[in-house]
Amino acid sequence: MDQRGNQPMDGMGQPTGSLRPPVGYPPQSTGRTPYVQAPPYPPQQPTGYAPVQPPMQPMPPQSAGQPPYPPQQPMPQDGFVPPAGFMVPPGPVRPPRRPSVLLKLAQVLAVVLVLGATVWYLYEVLVPDYEPYGVIESDTLGAVYTGDCVIVRDEVPYDAEGVTSVNHLALEATTVRYSSEICEVYSSGYSTREMNTLQDYRDAIRNYQKTLLETETTYDARMTRLQSDVVNRAKEIRAMIAGARGSLTNQQNLMEAAVTARQQYLRSFYADDQRLSRLYDDETSQLQRIQSWTKKYVSSQEAIVSFYSDAYEYGLNSQNYMTFTPSQVRAMFNGQRPESATNLKGKTTIYRLIQDGSWNVLFLSRETDWNPIKGETYELKLERFQETTVTATVEDFVRSGGELLLQLSVRGPVNDVLYMRTCQAELGESISTLKVPERAIYQQDGMEVVVVVSGGTEGFVPVNVLRRSDGYAFITPVQQGLLFEGQTIRLF
């Protein structure tokens with residue numbers, strides 16, 4: 001007991017010196033309320049610090065290539081050293097710094113500058129510059145008329161009856177002179193069997209001559225020279241075929257002359273040989289037989305020769321092309337051949353001779369309201385050679401049955417239309433005119449006028465607007481001589 005009469009207590013709140021009942025011993029009733037031990041208080045931590053956390057595991061060593069560990073929080077500055085594993089609470093979070101007023105102003109100014117530059121660019125590109133004045137310019141206005149054409153040439157066809165084959169001696173589309181050989185025509189009595197018989201006779205002659213030469217024991221200098229000429233000509237022809245330069249036609253003629261000279265010498269040298277003489281007679285008889293069925297044609301004039309024909313040449317040429325009506329020309333364009341005085345039944349067209357330097361065109365215009373001018377010159381462009389334009393002159397024109405027919409003459413080479421008969425074409429005319437901006441046309445009392453500025457005065461000049469195209473107006477003054485190139489005009 002202490003001086004106050006209280007019994008001293010131990011650290012567990014029980015009186016010192018008292019005996020605890022053994023564990024499991026039942027408490028005895030003493031008539032007083034039994035003492036119940038209060039649960040222990042949780043351990044207290046120093047004021048102002050976070051609860052003690054379990055000690056942190058040490059971090060493993062950092063290897064190369066791994067991101068660095070987050071930085072450690074700074075230690076308190078009051079000198080307190082926390083125990084191991086103690087985490088320092090994070091400091092106060094600062095709010096984000098707001099951009100300054102100058103930065104906002106710079107951003108707004110940059111946006112305004114970009115918008116201003118965009119508006120200026122669009123204005124310069126899309127809005128045309130306004131000019132109060134312009135200048136009159138000279139130009140050429142072309143009117144183009146389309147239509148269907150029938151080509152007419154100055155040509156003469158040649159034909160023959162009973163033709164079985166033709167041997168062309170002249171080249172196609174070349175110019176032949178007067179009396180030049182054009183072709184050989186074989187009639188119906190001729191057949192290829194006759195030519196085969198002639199070749200058999202010639203082969204027999206050649207083989208027999210070879211046999212005679214092989215059995216010859218006497219040296220003949222002339223025969224040796226003739227034989228060498230034939231061999232040398234053959235080598236020259238072979239070299240030219242392989243690519244050597246020279247005239248193959250000339251070499252062929254030299255070869256034929258060498259062979260003929262050798263044949264004549266052999267025929268005279270072995271004139272007493274009966275077998276060879278008989279072979280020569282057979283060859284001559286066969287040649288005469290073939291020639292009786294063969295006719296050689298020569299040129300009657302200097303012209304271009306062609307072995308192709310469409311039968312239009314008999315009824316249509318440069319001498320009679322102006323006698324046809326629009327309906328007849330339309331029929332020819334659709335494929336109907338013109339009537340001819342020549343009866344072609346049983347005949348074959350062999351060749352035709354065409355005069356060069358001029359040809360004609362029958363032009364059926366699709367613009368039937370057009371009024372062409374006789375003697376006027378136009379530019380003619382045919383559909384088959386769009387890159388080539390020729391000059392055509394209107395000889396005359398006929399309007400009938402809803403068709404407008406122009407008869408045109410062309411000066412130029414005929415080779416471009418040597419194989420053409422019908423085609424589509426364009427006929428263009430060139431008109432010298434004046435050109436002004438469309439803004440220069442002003443309406444004054446129901447008329448179209450331009451305002452001419454001269455010094456400090458302005459004057460109205462009535463004009464006819466021929467065409468408007470690409471922002472320009474092609475005009476002619478109503479009264480000639482009032483407008484000319486270089487004058488200043490007002491724009492509206």
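Q: Before we start, what is pLDDT?
A: pLDDT is the predictor's confidence in each residue, on a scale from 0 to 100. You'll need it here, as this is a predicted model.

Q: Got it. So where does pLDDT stay under 50?
A: Look at residues 22–26. For that stretch the model has zero contacts beyond four places in sequence.

Q: And what does the protein chain average?
A: Its average pLDDT is 80, and 76% of the residues score at least 70.

Q: Okay, new topic. How many helices and strands are there?
A: The protein chain has six helices and 19 strands.

Q: Can we zoom in on one helix residue? Where does Gln209 lie?
A: Gln209 is part of helix α2, which covers residues 192–215.

Q: Is Gln209 buried or exposed?
A: Buried: its relative accessible area is 4%, and the cut-off for buried is under 20%.

Q: What does Gln209 touch, then?
A: Leaving out residues up to four places away in sequence, Gln209 touches Gln263, Leu266, Leu276 and Tyr280.

Q: Nice. Now the strands: which way do β11 and β12 pair?
A: They pair in the antiparallel sense, with four bridges between β11 (residues 377–382) and β12 (residues 390–400). Across that pairing, Leu380 stands opposite Val390 in β12.

Q: How many bridges join β12 to β13?
A: Eight, and these strands run antiparallel. Here Arg399 stands opposite Leu404 in β13.

Q: What about the hairpin of β12 and β13?
A: Two residues sit between the strands, and Gly401 takes a positive phi near 60° there.

How values were computed
Residues numbered from 1 in each chain as written. Predicted model: local features only at pLDDT ≥ 70, side-chain atom pairs only at ≥ 80, totals over all residues. Heavy atoms only, no water. Buried < 20%, exposed > 50% of the residue type's maximum accessible area, 1.4 Å probe, protein only. Contact = heavy atoms within 4.5 Å. Pairing = 2+ DSSP bridges.
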